[in-house]
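Colleague: I would like to learn how to read salt bridges and overall fold from a model. Could we take one case and work through it?

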Amino acid sequence: MADDRRARVFADVAGITAEQGDVELARVTPETHFINDLNFDSLQTVEFVMALEDRFKITVPDAQARELLTVGQVVEHVLQYIGDAD
């Protein structure tokens, strides 16, 4: 069950990442770094966080958003907050 939820969250986060980074979905892995690999600028970062908040119905404070540097870190963050309500 938890693995299914993790896979669904990863798929959603990867999709948002690919869209915001204008890259192929296949390029997005848990290790993908938003700045080093995708060259996210501040606007892309804000739009990414807004998309996450909208999709998962969570709030990501700016201080936390600055600490989420990889797709995997975002997935873990989302999983902490959505519980079983995804």
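Colleague: How many salt bridges does a search of the whole structure find?

Modeller: A salt bridge here needs a side-chain nitrogen of Lys or Arg within 4 Å of a carboxyl oxygen of Asp or Glu. In this predicted model, the search finds 2 salt bridges. One joins the side chains of Glu76 and Arg6, at 2.2 Å from N to O. Glu76 sits in helix α4 (residues 71-82) and Arg6 in helix α1 (residues 2-21), 70 residues apart, so this pair links distant parts of the chain.

Colleague: Which residue does the side chain of Asp12 meet in a salt bridge?

Modeller: Asp12 pairs with Arg55, at 2.5 Å from N to O. Because Asp12 belongs to helix α1 and Arg55 to helix α2 (residues 42-56), the bridge ties together parts 43 residues apart in sequence.

Colleague: What is the relative accessible area of Asp12, and what is that of Arg55?

Modeller: Partly exposed lies between the buried limit, under 20%, and the exposed one, over 50%. Asp12, with 24%, is partly exposed, and so is Arg55, with 36%. In the other pair, Glu76 has 37% and Arg6 has 35%, which counts as partly exposed.

Colleague: Which elements make up the chain?

Modeller: From the N terminus the order is α-α-α-α, with 4 helices and 0 strands. The radius of gyration is 12 Å, close to the 12 Å that the globule rule gives for 86 residues, so the chain is as compact as a globular protein of that length.

Colleague: What share of the residues counts as buried?

Modeller: The share is 40% of the 86 residues.

Note on methods. Residues numbered from 1 in each chain as written. Predicted model: local features only at pLDDT ≥ 70, side-chain atom pairs only at ≥ 80, totals over all residues. Heavy atoms only, no water. Helix = DSSP H or I, 4+ residues; strand = E, 2+ residues; numbered from the N terminus. Rg over C-alpha atoms; globule rule 2.2 N^0.38 Å. Buried < 20%, exposed > 50% of the residue type's maximum accessible area, 1.4 Å probe, protein only.
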